[in-house]
Every structure is written in structure tokens, then in C-alpha cells.
Amino acid sequence: MIWLECKKMWSQGPREYLMELWNLLDFGMLAIFAASFIARFMAFWHASKAQSFVDEKIKMDLVNVTLPTEIEYYTFARIKWFPSDPQLISEGLYAIAVVMSFSRIAYILPANESFGPLQISLGRTVKDIFKFMVIFIMVFVAFMIGMFNLYSHYLGAKQNNAFTTVEESFKTLFWAIFGLSEVKSVVINYSHKFIENIGYVLYGVYHVTMVIVLLNMLIAMINSSFQEIENDADVEWKFARAKLWISYFEEGRTLAVPFNLVPSPKSFFYLLLRIKKSLTSLLRCRKGTYQENAEMEKLRYSKHSSIRSAEDHSLQSIRNPPTRYQKIMKRLIKRYVLKAQMDRENDEVNEGELKEIKQDISSLRYELLEEKSQNTEDLAELIRKLGEKLGA
């Protein structure tokens, strides 16, 4: 997998590679896995050195032997290990990497019609959460420092250690968002009611600001993003699915992991093309003047234009493999934008059209009323004539 990421970075370029968030997830996951394995190897190496020291220098029971401090450490139980022990660091990093590796499964969810729109909505909501985190962190840090300054002098004089240190202040305010903090966190054992009342006020304002205002605003943002995706769920899903499919057609992905470590025939073919080009350029440098080289190049180009074009095309595909991918993506984006514009034009009704419709309805109403009055007059005239005939 590391070799695959190296090839992607080489073919796409660092800038385009970093623009893709899934590449950042892969890079971080592999870096953490590698750091975990290195830390575990260091722990094994140090333990092996201690065991070798014991095997070479000590020929009796370890119970009756006083070992050096750096060797005696490896006889301790886990509860006595240093916090910076490589084995502990390795286990912590490995846990983080495992979580990231399972989250990588979300990359293939757009291939499914049911899970694709949900995964797209989740990605959009994550972006909204990052926007929300700016305001959230600003408010959180303000209250964290304020409560720490208020209670930093009361360490040991409170019912708990909340707000007495920066770490405790962070923990208390963070878990207070989920309702896992108590009101007694601001209570002081001494009769300093002014400080205690200020603590009550600040703690209450924090709950109102964070829990009632900001969290509900975040929920509203998430609902808005989900509704936007839901309105165009079919188009969004097909676009994401096409992007996923095209990513598997890129140059340089002939074999899947771990078979990509085995050189493919295509690799040998490209290697031969590079060697041929290098030898050709070397021979050109050893020949005469620039004019002779230009004439030879023109003659060779006229005779071997078809072969040369095929080789240049293959070498160009090696240097710039995302070209075809970018063209298809541009067409898909253009198609998506045009469809969105057409739908918007069909759905929108401007103010002039509304006025025209109102005028047509009004004119139709007047025509109907006029026709009704004319028919009433004609009917009255017929009744009058009929009455005259009957009277005669």
C-alpha cells in the first residue's frame, strides 16, 4: 500500500495528490501504521538487548541478583511501565490506524445506490462541521481559560478538581456538552460566595451558548445540507459513482495490493521505452553540430512518424496519466452544470410572467362577465317577445 501511494504521488504530482482528501486519509493511515510498527520493533529490540545482557552476564537465579536500572525495567509488570514506553505508544497508534483503515471502506460506498447518497450527505455534513468548529473553538477556549483563571487558586478547596488546571477545565467543559458534568464543579468549600456566584453565572452562560444555541445551529446546518443532497440525490450519486469508476481506470493501477509489488509486463515495456529514449538522446549528443542533428531529426521524423507518434503517446501517458481522467471529469461537470441550469430555468417563473398571467386571468374574467350580461339581455328580450305573442 505504501508503494501504491508512492506511485500515485509520482504520477499525479504532489499538488493534485494533496487535493484529494482520500489520499490524505491513506497517507495518514499508513504513516501511523508505520510509526506503530517501528515503535513495536524498538520495544522488541530493547527487550532483546536486556535479555542478551542477562544471558551473558548472569548465571544464577534472577531473584537473588541486583540488576542495573535499565535492565531491571524490563522485569516490571505493565502497570509500572513509563508512559513513553514504545510498546504503549505502539498500541495507541495501532488503535488509531485501525479506526482509520475501517473508515476507508466509505470510499467505495458511492458504488451502491442506497449507501451512495448517504455517504455524500455525510461528506457534506463533515464540511459543515469544520466550518462550525471555528465558532465552537472560539467560544470553548474563551470559557475554558476564564473558568481556569477563576478557580486556579482553589486546588484542593473544591468538591472536585474541575477548573483547577487547564486540563481539568478542558475535560469538564467538553463533557458538559453531552450532559456528563455536574453543577458541584463550581462549588467552593470556603465561603467565597462572590467567586462561586460568578462561576455559576459563567457555567450557565456556557451551557446556554454551547448546548442550546451552537449545537442547535449545527443541527440546522446538517439538516440543510442533507436536504440539498436529497433534492438532487440521483444526480449527485451518479456523479460520485462515475468519479469512483473512472479512478480505477487511471494509468498505473494494473494489479491490486499486494500484487502491485510484482513487476507487470507493462512496467517492463515502459522501462524499455525509457531506456531507448535515453540511448537515443545520448547518441544525439555525441554527434556533430546542431544543424546536423536537426537534419537527422527531420529525416528520422519523416521516415518514422507513425512509430514515433505511438512511442510519444505512450511516454506522454506515463508522464501525464490523469489527462484522460481530467477530460472525462470536465465533461461530467459540464453535463451536471448544464442540467442544473436547465432545471432551474424550467422551474423559475419571473415577475413579468406572473404579471402577464394575472392580466390574462383578469381579461378572461371581464370577458366572461360581459358575455354573461349579454346573454342575460338576450334572454330577457326573448321572454318579452314570447309574452307579447301569448297575449295576442
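**Helices and their packing**

Leu-215 sits in helix α8; helices (H or I, at least four residues) and strands (E, at least two) are DSSP runs, numbered from the N terminus. With a relative accessible area of 26%, Leu-215 is partly exposed (buried means under 20%, exposed over 50% and partly exposed in between, with a 1.4 Å probe and protein chains only). The C-alpha atom of Leu-215 is 8.9 Å from that of Ile-177, although 38 residues separate the two along the chain. The model is predicted, with local features needing pLDDT of at least 70 and side-chain atom pairs counting only at pLDDT 80 or more, while totals for chains, interfaces and linings use all residues. Residues are numbered from 1 along each chain as its sequence is written, and side-chain values use heavy atoms, with hydrogens and water left out.

Stepping back to the whole chain, the secondary structure comprises 14 helices and zero strands. Read from the N terminus, the elements run α-α-α-α-α-α-α-α-α-α-α-α-α-α. Of the 392 residues in the protein chain, 24% are buried.

An unreviewed UniProt entry places the feature "transmembrane region" at residues 21–45, 129–152 and 200–222 (UniProt positions are in the numbering used here, feature names are shortened, and annotations may be inferred rather than shown by experiment). How do these spans look in the model? For residues 129–152, the end C-alpha atoms are 32 Å apart, and the span is 96% helix and 0% strand.

Two packed helices are described by the angle between their axes and the distance between the axes. Helix α3 (residues 21–57) packs with helix α5 (residues 86–103) at an angle of about 155°, and their axes are 8 Å apart (axes are lines fitted to C-alpha atoms, for helices over the stretch in contact, and angles run from 0 to 180 degrees between N-to-C directions). The pair α3 and α5 is therefore roughly antiparallel (angles under 35 degrees count as roughly parallel, over 145 as roughly antiparallel, 65 to 115 as roughly perpendicular and the rest as oblique). Their crossing is left-handed (the near helix is turned anticlockwise from the far one by less than a right angle; clockwise would be right-handed). In the contact of α3 with α5 there are 17 nonpolar, six polar and two charged residues (Ala, Val, Leu, Ile, Met, Phe, Trp, Tyr, Cys and Pro count as nonpolar, Asp, Glu, Lys and Arg as charged, and the others, Gly among them, as polar).

The crossing of α6 and α7 is right-handed.

Within its 24 residues, Tyr-151, Phe-163, Leu-173, Tyr-203, Tyr-206 and Met-210 touch the most other members. Helix α6 provides the largest share of this core, nine residues.

Most residues other than glycine have a negative phi. The phi of Phe-163, however, is positive, near 70°.

Ile-135, in helix α6, is partly exposed, with a relative accessible area of 37%. The C-alpha atoms of Ile-135 and Leu-214 are separated by 8.4 Å, and the two residues are 79 residues apart along the chain. Leu-261, in the loop between α9 (233–247) and α10 (265–286), counts as exposed because its relative accessibility is 61%. Between the C-alpha atoms of Leu-261 and Leu-4 there are 8.7 Å, against 257 residues along the chain.

Terms used. Core = buried A, V, L, I, M, F, W, Y, C linked by side-chain atoms within 4.5 Å.
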